[in-house]
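Me: Please show me the sequence and the structure, and then take me through some questions about them.

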Amino acid sequence: MKFLSKLEMSNNDLIEILLSTIKSNNILIDNLSAAKENLLIDFDDYEEKGKNMELFQINFNPNKYAIKREDFNNLYTQYLKKSGIYDEIKSNAESCLYCLISSIDSLDHYLPKSIFPQFSILPINLVPSCTECNSKLKRDNFFNIKEDQLIHPYLDKSYYFEEKWIYCSFNLTDDYPIFNFYVNCPDDWDQADKKRVVKHFNFFNLSKRYSVNAVKEYVNILSVQSKSTPDLNVLCNYILKPIADNELISINSWRRSMYQAIYNHFNKIRLNEIDSTCSNCKGNGSFGDERCDKCDGVGSNWIK
């Protein structure tokens, strides 16, 4: 999962932009203006509770606002899009923030608009997401238990995004790649935080979805490269490691974890070969990175 910065816009500015976008609907303008004070209070409360993992405590009071549920829906479906804010939020991320697999085609309401219409227009409640995560999996689900809350890309603790907790194992069975993605949180995390990432991982079916993508990438790209590159030193250090260590890729990206697992697999084979018999001198020289220390033979001549 990946952290997303808030738009550089105050909540007051948000409402003023929407009011200027509505223009012709005087009733909606009057209702939104009347609801503005309470909305600003609740928007601040949302952010505070989100930072403290307490969004599960929020409720909706339909009598609190001078605006109807269907008006909130219209503000989102019509006027947030007309204002350009909708597209600006979508463009802030490169891939779905729930899975980091698929491209973005919608904004998910972290707190569902069907249950919490007052937050249907709040930018930090709008998560750039894919169809699989938004429409097929999350839908209108709301979790009212602290440990069940999904990771919030705007407000959650920094270590969700900066520390590694998604790992991958890799093996070859009859030349077919087998990937297993799993969660392994740092020991110093709170138990509630550990439960939340496990919930997120399982809820979005990430182990299976990551494995499917990893097999496709391995078969389509890496299998060709490894066959055309018999030198494991080249495969490990020039094809796999640059992606496995690429800090521009999210630390919990399925792709980075996949390359780390493949690198670990082939690097073990490479290191075992270092102690193998040299085909040049037929001795048991130690190769180091490339050459036998007995005869200076080239490492690509290694034999098992």
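Me: How many salt bridges does the count come to?
Reply: This is a predicted model, in which local features need pLDDT of at least 70, side-chain atom pairs count only at pLDDT 80 or more, and totals for chains, interfaces and linings use all residues. Residues are numbered from 1 along each chain as its sequence is written, and side-chain values use heavy atoms, with hydrogens and water left out. A salt bridge is a side-chain nitrogen of Lys or Arg within 4 Å of a carboxyl oxygen of Asp or Glu. By this rule, the number of salt bridges is 12.

Me: Where do Glu 47 and Lys 51 lie?
Reply: The side chains of Glu 47 and Lys 51 form a salt bridge at 3.5 Å, N to O. An α-helix has 3.6 residues a turn, so residues three or four places apart point the same way. Glu 47 and Lys 51 are 4 residues apart, about one turn, and both belong to helix H2 (residues 26–51). Helices (H or I, at least four residues) and strands (E, at least two) are DSSP runs, numbered from the N terminus.

Me: Is Glu 47 buried or exposed?
Reply: Buried means under 20% relative accessible area, exposed over 50%, and partly exposed in between (1.4 Å probe, protein chains only). Lys 51, at 49%, is partly exposed. Glu 47 has a relative accessibility of 15%, so this residue counts as buried.

Me: Which helix holds Glu 217, the partner of Arg 255?
Reply: A salt bridge of 2.9 Å, N to O, joins the side chains of Arg 255 and Glu 217. The pair links distant parts of the chain, 38 residues apart: Arg 255 is in helix H10 (residues 254–274), and Glu 217 is in helix H8. Arg 255 is partly exposed at 29%, whereas Glu 217 is buried at 11%. The helix that holds Glu 217 is H8.

Me: Which residues do salt bridges that share partners join into one network?
Reply: Lys 241 and Asp 245 meet in a salt bridge of 2.6 Å, N to O. Through shared partners, salt bridges make one network of Lys 6, Glu 47 and Lys 51.

Me: What span does helix H7 reach from its first C-alpha to its last?
Reply: Helix H7 (residues 191–203) has 13 residues. The expected span of a helix is 1.5 Å times one less than its number of residues. For H7 the expected value is 18 Å, and the helix comes close to it, reaching 18 Å.

Me: Which residue just after H7 takes a positive phi?
Reply: Within H7, the buried residues include Val 197 and Phe 201. Just after this helix, a positive phi of about 55 degrees is taken by Asn 205.
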